Amino acid sequence: NNSGAGGGGGGGPGSPDSGTMGGLGGPGIVMLRYAIADAAGSAPTIASGGAISYTPTHTIHTFMYPGVFAIGPTFNKTCEYVVIGGGGGGGRGYSGAGGAGAYMTGTTPVVGPSGCFCNVGMGGNPGFAPNPISWQPDFQSGGTGEDSTFGGTAGTITAKGGGKGAGFDIAPNSVGGTGGSGGGGGVGPGGYGPSMNNPGPSNSPGGNVGGSGYQAGDANYNAGGGGGGAGGQGGDAVNGRGGYGGLGIEVPATFRHPSIGLAAGPNGSNYWVAGGGAGGMGNTPHNGTNTGGGPGGPYAGGGNGASGETNGSGNPGLDGTGGGGGASGGGEGWGVPISDGMMSGGRGGSGLIMIAYPT
């Protein structure tokens, strides 16, 4: 039974001679609520929810999981926010990578008393092959990332989940998916899958379902395209090498606090998010490895792709960044029974919600 849920255990088998017991009941749970002193240690906080950090100027609430930003009756502030959708999952085979979740930032008025729901989107499932014997129906696309939403008092802010990376399949299944950033195209009997654009404008204001995001890369011979990132387009596959993931983006300076660890970026800081995953490669020669989140990565939470020489699985996107999952390698040939039936694309990274206000 789930720990901390207080649920009853499952029943045992009907035969008294089986020797098998029923399931144990889950333990109970105790929750306490109390006022936390502010950074100066003098006054109780006027808001709760998520992991709370204090800078010299701001209070920051970070949500890695769904929760509630609860505010008291005296709360009346303009809040700065970052909302990131879950990253798309990488495809399996000579496939495309997942796109990053949409990245949205701005300010919004929040007035208490209220409970603002923070729904953090999960990353998309990886593409995998349940049947290790027949290739055609089993080279699957990844899943689309879930949307993240912040239900503020001035309206809901929605960041779309990243587009799914296409699998090795017959068109149109070899086309990357739409999302916050587009998913990379895959290779298949129907041709090389193209990339897809994201549907929204850059840095959309609250209430708009768009968000920043870029197109993904196209597939090429025996290699898939990279997923788009919040800060740049995913790379096209070139000469059997999978496309690199699109560059992510650095969060605003307000949220760059030592207590908040995100992902590495090209400038050496650890406050980057929403990088695209990298495409998978076949067993043909290629000119180097491919990386998530931009050339020379991995950056911004995007997962690396795998090569056919290793028949490896794609790396997952980093949770809490909305990074796209990398695509798997594809060492088997056309129609040849596959010996690596468990290799899969990388799961997309979960999204993130951060809220800051002057202390």
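**Reading loops, sheets and salt bridges**

Q: Where is Ala300 found?

A: Ala300 is found in the loop between β13 and β14. Strands here are DSSP runs of E with at least two residues, helices are runs of H or I with at least four, and both are numbered from the N terminus. This is a predicted model, in which local features need pLDDT of at least 70 and side-chain atom pairs count only at pLDDT 80 or more, while totals for chains, interfaces and linings use all residues. Residues are numbered from 1 along each chain as its sequence is written, and side-chain values use heavy atoms, with hydrogens and water left out.

Q: What is the phi of Ala300?

A: Most residues other than glycine have a negative phi, and most peptide bonds are trans. Ala300 has a positive phi near 60°. Ala274, in the loop between β13 and β14, also has a positive phi, of about 60°. For a cis peptide bond, look at Gly112 to Pro113, with omega near -5°; Pro113 sits in the loop between β6 and β7.

Q: Is Ala300 buried or exposed?

A: Buried means under 20% relative accessible area, exposed over 50%, and partly exposed in between (1.4 Å probe, protein chains only). Ala300 counts as buried because its relative accessibility is 0%. Ala274 is buried too, with a relative accessible area of 0%.

Q: Which residues is Thr321 in contact with?

A: A contact is a pair of heavy atoms within 4.5 Å. Leaving aside neighbours within four places in sequence, Thr321 contacts several residues, including Ala274, Ala300, Trp272 and Ile84. Thr321 lies in the loop between β13 (272-273) and β14 (352-358) and is buried at 1% relative accessibility.

Q: How many Å separate the backbone nitrogen of Gly323 from a polar atom of the side chain of Thr321?

A: A polar contact is a pair of N or O atoms within 3.5 Å; within protein, one must be able to donate a hydrogen and the other to accept it, and residues adjacent in sequence count only if both atoms are side-chain atoms. For Gly323 and Thr321 the distance is 3.1 Å. Thr55, in the loop between β2 (51-54) and β3 (58-63), has a side-chain polar atom 2.8 Å from the backbone nitrogen of His58. Thr55 is buried at 11%.

Q: What is the order of the open sheet of 5 strands?

A: Strands of a sheet pair through backbone hydrogen bonds, either parallel or antiparallel; the pairing criterion is at least two DSSP bridges. This sheet runs β2-β3-β14-β5-β6, with antiparallel pairing. Its edge strands, β2 and β6 (103-111), each pair on one side only. Antiparallel strands β5 (residues 76-84) and β6 are joined by 9 bridges, and Thr78 stands opposite Pro109 in β6.

Q: How many residues are in the hairpin that joins β8 to β9?

A: The hairpin passes through 2 residues. β8 (residues 148-152) and β9 (residues 155-159) pair in the antiparallel sense over 5 bridges, with Thr149 opposite Thr158 in β9.

Q: How many salt bridges does a search of the whole structure find?

A: A salt bridge is a side-chain nitrogen of Lys or Arg within 4 Å of a carboxyl oxygen of Asp or Glu. The search finds 2. One joins Lys160 and Asp147 (3.7 Å, N to O). Lys160 lies in the loop between β9 and β10 (187-188) and Asp147 in the loop between β7 (114-119) and β8, so the pair ties together parts 13 residues apart in sequence. Lys160 is partly exposed at 28%, and Asp147 is partly exposed at 29%. Arg256 and Glu250 also meet in a salt bridge (3.8 Å, N to O), with Arg256 partly exposed at 36%.
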